[in-house]
Amino acid sequence: MRPSPTRRLAGLGAFVLAVIMLTAIVELFPNTVVGAAIGGALATAGSILGIMDSAYAASALRLSVPIAFAALGGIFAERSGVINIGLEGLLILSAFTGVAVAHWLTGDGTTAVGPGIVLLLVIAVLLAVAGALLGLLGDTTGEIAVRAGGGVLATAALAGLTVALAGPTLAATWLAFYTAVLVSTAFALLFAVVTIEYRADQVIAGLAVWLIALGVAPFASNVIWGAVNSPGVDTLGTWTVPGLSELPVLGTVLFNAGPVVYFLLLATPLSWYVLAHTSFGYWVRASGENPKALDTAGVDVRRVRYAAVLLSGVFSGIGGAGLSLGRVGSFVGSGTTMIDGRGWIGITAMLFGNYNPFGAFGASLLFAALDALQFRLQQLNYAVPDSLMQTVPYVTVIIVLALVGRTRTPDAAGEHYESDED
Amino acid sequence: MSAPAVDLRQITKQFPGVLANDEVDLTVERGSVHALLGENGAGKTTLMNVLYGLYRPTGGTVVIDGEPRTFDSPRDAIDAGIGMIHQHFMLVEPMTVTQNIVLGNEPQKWGGLAVDRERAREAVAELADRYGFDVDPTATVEDLSVGEQQRIEILKALYRGADVLILDEPTAVLTPQEVEELFGVFDELTEAGKTIIFISHKLSEVTTAADAVTVLRDGKDVGTVDADSVTDTELAELMVGREVLFDTDKPPVELGDIGLATRDLVVEDDRGVRAVDGVDLQVAEGEVFGIAGVDGNGQSELVDALTGMATPAAGQVFLGNEDVTHAPRRQRIDDGMAYVPEDRQARGLVMSYDLTENGLLGSQRDPQFASSGRIRWDDAETHADDIIEEYDVRPADADAAAHSLSGGNQQKFIVGREFARDPDAVVASHPTRGVDVGSVEFIHDQLLGLREEGTAVLLVSSKLDEVRGLSDRLGVMHDGELVDVVDPEEITEEELGLLMAGERPPDVPKATRRVGGEAQ
Amino acid sequence: MNPDRLPGPIAGLMGRLVDASAGERLAVSVAALLTAILIGGVVTLVAGVFATCSDPILGPFCYNPLAVYRYLFLAPLSDPFVLQETLKNSALLLFTGLAVAVSFRAGLFNIGTQGQLVLGALAAALVAVRVGPAAPDGAVGGVLIAGVAMLAGAVVGGLYAAIPGALKAYADANEVITTIMLNFIASDVAFFLVSAYFQKPGSGSVETRDVPAAATFGPGLALAMAVLLVLAVTYLLWGTAFGYDLRTAGIQPDAADYAGVDAKRMMVTSMTLSGAIGGLGGAVWVLMSVGRWVNGVPALGFDGITVSVLASNNPLGVLFAGPLFGSMQAGSLSIDFQLGVPRQLVGVIRGLVILLVAMPELFRTLGVRWGMGGVR
């Protein structure tokens with residue numbers, strides 16, 4: 001028996017609520033009987049509760065960024081019928097690209113915004129041309145010109161606005177972020193072409209994207225920096241909401257966070273809205289469940305699937321660059337890179353969340369909370385060895401997969417679709 | 001008189017190696033119900049796919065309302081007011097009725113930022129109201145019955161402004177009573193000025209529901225007749241080109257012990273619904289026990305539980321007098337059960353294997369072909385050659401991959417392989433589906449031959465003439481239950497129809513055979 | 001090939017193995033490999049623009065792709081050290097390629113060969129170190145220790161692979177994700193075990209004590225064992241009822257059910273078999289390459305995926321694809337030392353090969369367009 005979506009959501013909700021409540025209690029009543037009682041009752045492994053303060057919650061939210069964005073991207077792709085298990089690779093590529101471009105623009109103590117804008121626009125133009133050549137932007141020349149031109153202009157406007165609003169170094173970092181998102185999107189486009197145009201096995205092609213990224217990022221790091229790890233770069237900093245950030249608990253967790261955290265808090269409900277309430281969302285679902293129904297209703301399944309896969313690239317780009325530029329401020333390319341399986345965990349979060357953006361977000365938060373716990377315990381010098389603590393999220397993923405079992409995968413997921421026209 | 005709604009002139013459609021339509025003419029008057037009659041493979045569906053823009057014709061003209069048209073895609077056909085209801089519904093099951101109907105044409109609000117669900121629901125409700133359809137716009141499609149889903153498909157076409165509705169074998173999945181409701185819908189629609197074309201190979205339906213009938217045979221049209229004045233016999237002759245006599249000769253056979261039986265069998269489907277609900281049946285050695293019923297009433301699940309493809313939720317399955325309820329499939333094969341599966345391309349054959357390897361499917365550990373786990377490929381190939389020869393499988397090449405065979409030849413190979421096991425019990429699920437007429441008779445003869453050798457045969461088929469002709473006793477399934485076991489020679493088609501719909505007409509001729517000394 | 005002209009059993013086996021589409025798959029693999037090499041060359045050339053070097057080959061280009069490929073494929077011929085490394089890598093990739101091929105044939109994406117290899121290697125090293133003092137001196141003792149160590153590697157690798165197999169069979173957990181998670185877990189756990197309990201005294205890196213020298217062997221023996229294993233697995237898959245069951249379960253699970261194959265048990269069995277081969281590869285890595293378990297096990301498991309995919313998951317194809325990548329891996333050290341081109345380039349090519357083999361449709365289209373009858 002598979003658990004019903006309601007049960008699944010209820011479980012997730014309970015977990016998230018429990019974390020928030022525990023955090024709030026400990027934060028609000030640190031020295032009271034209630035706090036102590038709860039603390040005493042639950043702190044089986046030393047004083048875990050002492051760790052679960054609002055800083056812990058904030059760090060869990062920060063850590064959930066790459067996982068949750070990968071999960072959101074995966075939702076769009078898979079619900080449209082394309083299983084994108086290359087998300088891990090897209091995260092790696094965007095994490096690397098962000099740092100590489102940021103280092104290029106801001107390294108050596110000088111800052112150059114101009115080349116960043118040029119690079120960004122060149123990639124945007126290339127993407128637009130590729131989209132036009134693949135027939136994704138429309139049927140008539142006018143339509144194609146308007147859409148391609150509009151896309152490039154919008155990118156230019158965004159870059160211009162960023163430069164106008166932020167100081168040169170911060171602007172350069174943002175330009176690097178945008179570039180990373182576009183590069184991730186470009187790789188998603190490659191994956192889409194391979195699977196949709198050339199009918200590649202989606203699982204194998206996704207593995208290939210991962211393995212390519214696992215080779216390319218350290219390779220390029222070595223070329224540029226002579227080592228697989230990059231030197232440090234500036235991060236995107238934090239956005240503090242005036243007034244609200246003074247609130248207890250919530251202020252620390254929600255209103256004094258990195259910009260990418262805000263993006264995530266925005267992207268989750270937006271994704272849900274798009275899937276549930278817009279025509280595009282209807283088409284994505286139909287394309288994954290019964291592409292022929294969509295085709296006979298006169299909607300181009302191919303374009304819907306391209307759009308969904310590209311979206312997974314955009315989201316993964318935000319997640320990957322959000323990790324490297326938003327939080328860490330460097331790229332680590334040794335071993336399994338700094339992404340270290342977060343894309344795979346994102347896929348699990350997507351399954352656990354039953355392809356629902358809110359569910360996936362909650363599940364991502366759960367995995368991130370475990371990750372944060374591990375960091376905190378390490379910081380506090382608990383006796384548990386690092387290397388064992390590091391396995392906790394991975395073990396949890398396996399347990400979750402075993403408990404969730406078969407989710408209701410979209411009927412046509414993984415299947416190539418060919419319109420009947422001869 | 002106005003121009004006909006649809007006028008197909010000299011339509012030819014050539015596929016690689018197959019001439020599917022050969023200069024077919026079809027004229028359909030506005031506001032009429034027109035039937036397209038023919039055997040499987042006569043070219044009916046191809047012709048309709050041409051009209052719907054799915055195929056471009058090799059030759060000929062499509063004229064709609066007096067205007068010649070060229071359709072590059074269904075989109076063009078939809079714009080010209082043509083709607084098609086496919087045999088396999090084009091519905092997105094987890095989505096609601098409304099979402100399915102408006103798919104691709106969703107009413108928008110907020111400048112396209114959201115689907116206007118209110119307006120969509122109203123439009124659907126209004127449409128349903130106008131044609132007297134009883135549907136709940138907010139229901140999820142997968143919760144609806146097949147008949148209701150079909151009406152959603154019709155509404156979908158109407159929502160897109162269809163004036164001409166094409167229905168591909170609309171009655172194949174319906175009970176006789178649902179069929180009647182569908183024909184009622186036809187009346188509503190034609191009164192509102194819509195034109196209906198429906199594909200069928202059932203004579204009685206055609207004469208009941210249609211105004212005019214066009215008969216196709218081997219891709220050619222062999223004439224259009226007035227449905228009111230034509231007789232079934234005349235239509236049948238047009239269809240097959242010769243007089244059909246379908247009578248199977250069954251010599252009496254001494255019955256043995258019980259070969260195959262179930263007791264209070266309950267099988268649940270993936271969703272936990274009882275697909276088979278308390279079925280008791282006994283098939284004696286030397287008897288053909290037929291199962292009739294509309295597809296999807298638990299026959300597949302019953303077969304799965306009998307053959308070991310599924311584990312029942314409750315009850316027992318017996319092979320001979322051995323309880324095999326929880327015995328794995330392997331043991332049932334070893335104990336002498338043969339099984340002709342319904343889905344030959346998923347189960348019955350490994351499509352990428354050649355016939356030698358496919359001949360081993362199920363017998364890969366049989367000492368006849370394997371000694372201590374090592375397969376003797378020479379023997380396997382000889383075995384495949386024997387089946388090929390005896391059952392006239394073409395191409396006669398044991399090295400040919402299964403996917404390179406036509407459906408009929410694939411089926412013959414499976415039947416040959418299973419019957420060659422020298423089984424004690426046979427479960428045959430739609431053994432002649434998609435097989436040419438000559439092979440059908442051959443397979444029937446083989447089945448009856450097994451019966452004479454004292455094999456217990458359970459035959460599931462949706463072809464009523466087949467189950468009636470071959471069975472000694474006939475069980476009727478409805479909604480997972482074995483409604484009744486009747487005498488196939490005495491029962492009328494009407495009574496059978498009622499039983500298939502789950503009703504119990506009075507005085508049905510019961511099967512009176514005695515099985516294994518026990519009264520039924 | 002006409003199977004009828006060969007003696008009975010072998011003819012049957014060969015006939016099974018080489019079917020009509022084998023030629024097409026071979027063409028696709030070769031085309032994919034060449035394309036990957038071409039793209040890899042362009043990547044190298046472009047990457048050279050961003051690198052800093054004292055003597056660029058031309059204008060801004062620091063790296064010479066032709067020199068890179070000369071090292072990757074031809075260095076073994078001129079440099080005895082690289083030749084030695086090539087033979088070692090080839091042997092190891094035969095094991096991992098075969099391990100992956102077995103699971104893919106069974107329809108299971110075992111991405112966890114890496115983790116199975118890591119733990120198999122650890123088990124082999126620990127057993128060899130432990131058994132060493134008790135074993136008799138000389139060659140007999142060496143054979144004994146090596147045998148027990150390899151057995152331990154196979155058992156541990158097999159058991160570790162049985163976990164995702166069982167999770168897939170009985171809890172419906174996606175094996176791609178579980179095996180990748182188990183890779184992470186394997187390296188973390190191995191690191192922990194060695195650093196906490198089995199650390200070589202006085203060593204700065206995380207590694208076990210050395211295995212007895214008598215138990216170690218050279219690449220020649222390893223290659224011989226690998227080839228024998230490839231042949232044995234080929235026979236198992238195409239000559240036995242078990243192989244028939246495994247292949248049928250992999251290619252068409254419904255038909256396997258129909259044929260009386262216990263699908264769930266087959267998942268566990270085939271994963272265990274695959275993991276045992278991977279674990280054996282780990283044992284060989286310990287006994288042949290390093291003489292102990294040391295942290296930072298090379299990505300032989302991932303290369304195994306490439307080898308298997310390039311070989312269309314055909315064991316006999318692995319015999320060619322394994323040494324090809326073995327040579328590239330060995331040469332990657334040379335390009336790093338001699339040319340300053342980062343050795344991760346081979347990782348890029350590895351991914352490209354998988355991507356390109358996954359899209360046979362591309363080469364079909366090209367083949368038809370260029371009028372090459374050979375492909376279609």
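Visitor: Before we look at the sheet, what does it take for two strands to pair?
Guide: Two strands pair if DSSP finds at least two bridges between them. Keep in mind that this is a predicted model. The count to look for is at least two bridges.

Visitor: Fine. In what order do the strands of the open sheet in chain B run?
Guide: The sheet has 4 strands, and their pairing is antiparallel. Its edge strands, each pairing on one side only, are β2 (18–28) and β5 (67–69) of chain B. From one strand to the next the twist averages 30 degrees. The order is β2-β1-β4-β5.

Visitor: Over to chain A: are α6(A) and α8(A) roughly parallel or roughly antiparallel?
Guide: Helices α6 (residues 114–133) and α8 (residues 168–197) of chain A have axes 9 Å apart and pack at about 20 degrees. Angles under 35 degrees count as roughly parallel. So α6(A) and α8(A) are roughly parallel.

Visitor: And how many of the residues in their contact are nonpolar?
Guide: On the α6(A) side the contact includes Leu120(A), Ile123(A) and Leu127(A), and on the α8(A) side Leu175(A), Leu182(A) and Leu189(A). The contact of α6(A) with α8(A) has no charged residues and 3 polar ones. The nonpolar count is 15.

Conventions
Residues are numbered from 1 along each chain as its sequence is written. Chains are lettered from A and ligands numbered from 1 in the order in which they are written. This is a predicted model: local features need pLDDT of at least 70, side-chain atom pairs count only at pLDDT 80 or more; totals for chains, interfaces and linings use all residues. Helices (H or I, at least four residues) and strands (E, at least two) are DSSP runs, numbered from the N terminus. Axes are lines fitted to C-alpha atoms, for helices over the stretch in contact, and angles run from 0 to 180 degrees between N-to-C directions. Angles under 35 degrees count as roughly parallel, over 145 as roughly antiparallel, 65 to 115 as roughly perpendicular and the rest as oblique. Two residues are in contact if their C-beta atoms, placed from the backbone, lie within 7 Å. Ala, Val, Leu, Ile, Met, Phe, Trp, Tyr, Cys and Pro count as nonpolar, Asp, Glu, Lys and Arg as charged, and the others, Gly among them, as polar.
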